[in-house]
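The points are grouped by topic.

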Amino acid sequence: MGFLESLFSGARAFLREVVVPVLQVAKQVAIDTVRAVLEEIDRSEFGRAATRYIDGASRQYFNRAEDLAAEQREIAERARRDGKRSSRDDDRLREIDLERRRLREELEAAKAAEASAELKDAATQLVSAPVSDDETSAAVGILSSRVCPTCGGSMRIRQGGYNGTTRRRSFYWLCSAHPGACPTINFDPAKENLMALRKSDPNLDLPTKERREIWERKDVVRETQIRLRQHLGEKDDEVICPHHLLPMKLLEQPGNNGLLLTTYQYVCLHVDDDGRACQHRIPLETFPQVSETLRRSEGAGIIH
Ligand SMILES: [Zn+2]
Ligand SMILES: [Zn+2]
């Protein structure tokens, strides 16, 4: 089973080559799948490593990444003040880049180990479900351990536009190491035959029509906005800037219209080598994304 290629942080895994047919939803089948996957995790490198990691292992990597980002900002400020960057600072920026590459690998291993440990801890509450558009949208921007075939960096799922004809959104894998340079890979959940393993969540487990009707209800939208706005300015440890390797912040989009699905985004507040603001952004544009943001910060999604 090649599932560790797509093991997500936050106790969620997308599985390929599952031992049982995806469409069989009988409870016993789900339990058997969960058991098989947990045994697989135990045998895997990540599963064995999990016992060595304590909860929140990624914290130490974030501390190191904070130091590097602060140094990068200092170098940019010095260059602006002096009118040019010294060759010593040029060298240091190259070292920072190399150090980030090592740090990225370590952070990804720590995140995968944390996810393995979380999945094992939650074993009795896990469900498996076919990977749908909503399931995919809920995982947008989250670190995964899928590897970029071009450079070997990790990839994450991103979301494209909504197609009015198919009434579906497009998804693709984007390389985190070289987001502009490496080719993206299309991802169509309907064609992938993947299964998600995660804790049960009414926002993904209720029938599609039913949950959409609840999400779109006026009183629910209003309550969701109020809940979401309480987290403005907070960092999300699962949504990490691929360049700076630091948690991104939930903020309002500039010039927004105040509507739930066009107003919020994750932003990186660090600067590039030239002192310009980092351009990595993850807009919140779907109910499953908003629901996941709430679930990560409050323990329950839109429907709770
Ligand atoms: Zn790449
Ligand atoms: Zn950044």
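The secondary structure of the chain comprises 10 helices and 11 strands. The model is a predicted one. Of the 304 residues in the chain, 47% count as buried. Among contacts with a separation of 6 or more, 63% are made by residues 24 or more positions apart.

- C148 lies in the loop between α5 (133-138) and β4, and C182 in the loop between β5 and β6; the pair is 34 residues apart and links distant parts of the chain.
- Both C148 and C182 are buried.

**The sheet β4-β5-β6**

- Strands β4, β5 and β6 form an open sheet of 3 strands in the order β4-β5-β6, with antiparallel pairing.
- The edges of this sheet are β4 (155-163) and β6 (185-187), each of which pairs on one side only.
- On average, neighbouring strands of the sheet are turned by 30 degrees against each other, direction ignored.
- Strand β5 spans residues 168-175 and pairs with β6 in the antiparallel sense over 3 bridges.
- Y172 stands opposite N186 of β6.
- As background, the strands of a sheet pair through backbone hydrogen bonds, in either a parallel or an antiparallel manner.

**Zinc ion (ligand 2)**

- The zinc ion (ligand 2) is coordinated by the SG atoms of C241, C268 and C278 and by ND1 of H244, at 2.2 to 2.3 Å.
- Angles of 103 to 114 degrees among the 4 donor atoms make the site of ligand 2 tetrahedral.
- The donors of ligand 2 follow the spacing C-x2-H-x23-C-x9-C along the chain.
- C241 is placed in the loop between β8 (235-240) and β9 (247-252), while C268 is in the loop between β10 (264-267) and β11 (281-283), so the pair ties together parts that are 27 residues apart in sequence.
- C241 and C268 are both buried.

- β8 and β9 run antiparallel and are joined by 3 bridges.
- I240 has P247 in β9 as its bridge partner.
- The two strands, β8 and β9, form a hairpin with 6 residues between them.
- Within the turn of this hairpin, L245 has a positive phi of about 60 degrees.

- Q265 is located in strand β10.
- Q265 has a relative accessible area of 9% and is therefore buried, the limit for this class being under 20%.
- Apart from its neighbours within four places in sequence, Q265 is in contact with K249, L250, L251, E252, Q253 and P254, and also with R281, I282, P283 and L284.

Terms used. Residues numbered from 1 in each chain as written. Chains lettered and ligands numbered in written order. Predicted model: local features only at pLDDT ≥ 70, side-chain atom pairs only at ≥ 80, totals over all residues. Heavy atoms only, no water. Donors = N, O, S within 2.8 Å, 3.2 Å for Na, K, Ca; no water. Tetrahedral: all angles 85-135°; square planar, octahedral: opposite > 155°, others 65-115°. Helix = DSSP H or I, 4+ residues; strand = E, 2+ residues; numbered from the N terminus. Buried < 20%, exposed > 50% of the residue type's maximum accessible area, 1.4 Å probe, protein only. Pairing = 2+ DSSP bridges. Axes fitted to C-alpha atoms, helices over the stretch in contact; angles between N-to-C directions. Contact = heavy atoms within 4.5 Å.
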